[in-house]
Amino acid sequence: MPEPDEHLDERLRAALGEVGDRARERIRVPGAGTVPPAARRRRAGLAGGTALALIAVGAAGWGVAREAVLFGQAAAPRCAPAEGRAFLPHAATDEQLARVGSILGRSPEVASYRIETVEENYDRFKWEYRDHPDIVNATKVDVLPRSLWFSLPCAGDFPAVRARLEPASDGVWCSCVPRDKPVLPPPTRTATPSR
Amino acid sequence: MASREGPSDFAECYAAWFAPIAGQLAVYLGSAEEAQEVTQEAFTRAWARWGRIARYDEPAAWVRRVAWNLATSRIRRARTALRHWRGQRPESVAGPGPERVALERALAALPADQRRAVVLYYLAGLPVAEIAEICRAREGAVRTWLYRARIALARHLTDEVNDDA
């Protein structure tokens, strides 16, 4: 392996430093005072058995300050509409997908949801990375997750919905973007939650 | 990293290190929110053991290690989902030029091991030996990750120079 180019190293350090600075600007520090209550809840076992649940409960103690910085949006309005997404591992069964869909259907915060097939997901992936053929070529359809989209009239409700979804099945992972972000191509399979 | 000596008081340690650790993790995870969560969890675990950790030469190093372990566990569990989702995340801070977005995308597209090594080396300023310890890998493996990551990221630096010319 050749020796690192010192000039390249310096430029990388500077460029990545800017990326790091931008990331750090988005960080909100909850404050040391939020730690002891979270630790007590953790010790009492109220936070559940998994690391993810522990993190979720710890985060719940952040309070109002955290609600203002949902999804990395420093100044996002509390009730801005948003699109949420729940991912399941590629190997998830139809039953697991239906279970997550059922929870979404029963969630009062969710206006509607739809299931996206792996093929639709792959099409979306290829479209989004159309300028990066190397990434598309290196990513096969069988590594992509299964997913459900759900519509949130109020982005501030996302943490509550996520806390309900992620324990529902192994490997569930949720994320959320503001609705003004274009979502293409349009999904073809839809479902409406029962009320 | 400005100083490797951590304060012994928990509140001081928290105030001094939460943002740096969370900021580095945000680059690794691609999400400020996730980074805040794992950093908070790491400090919560530290608080429960603070009597012992405070006696370490570098209490913040313990927190950093736990935070990175939590982040790595999380990213392994949802690696493909995260990789896909990153392309859909909007920029939350206005202003980056196209070359910076390209660099961030390239960083996000790196394999997790390479991205972790890059962040710990270039942002946290850790030596290869310490990165190897955190990653539970051999130093040679870390050097390989850094070498490959440099090649992948350097193309975007070249574009940046051409754009400016």
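**Helix packing around α7 in chain B**

Q: Left-handed or right-handed: how do α1(B) and α7(B) cross?
A: The crossing of α1(B) and α7(B) is right-handed. Right-handed means the near helix is turned clockwise from the far one by less than a right angle; anticlockwise is left-handed. Helices here are DSSP runs of H or I, at least four residues, numbered from the N terminus.

Q: What sort of model is this?
A: It is a predicted model: local features need pLDDT of at least 70, side-chain atom pairs count only at pLDDT 80 or more, and totals for chains, interfaces and linings use all residues. Residues are numbered from 1 along each chain as its sequence is written, with chains lettered from A and ligands numbered from 1 in the order written.

Q: At what angle do α1 and α7 of chain B pack?
A: About 150°, with the axes of α1 (residues 10–29) and α7 (residues 112–123) of chain B 9 Å apart. So α1(B) is roughly antiparallel to α7(B) (over 145 degrees). Axes are lines fitted to C-alpha atoms over the stretch in contact, and angles run from 0 to 180 degrees between N-to-C directions.

Q: Which residues of α1(B) and α7(B) meet?
A: Gln24(B), Val27(B) and Tyr28(B) from α1(B) meet Arg115(B), Arg116(B), Val119(B) and Leu123(B) from α7(B). Contact means C-beta atoms, placed from the backbone, within 7 Å.

Q: Switching to α8(B). Which residues there does α7(B) meet?
A: Ile131(B), Ile134(B) and Cys135(B) in α8(B). The α7(B) side has Arg116(B), Ala117(B), Leu120(B) and Tyr121(B).

Q: And which way does α7(B) cross α8(B), left-handed or right-handed?
A: Right-handed.

Note on methods:
Helices (H or I, at least four residues) and strands (E, at least two) are DSSP runs, numbered from the N terminus. Angles under 35 degrees count as roughly parallel, over 145 as roughly antiparallel, 65 to 115 as roughly perpendicular and the rest as oblique. Two residues are in contact if their C-beta atoms, placed from the backbone, lie within 7 Å.
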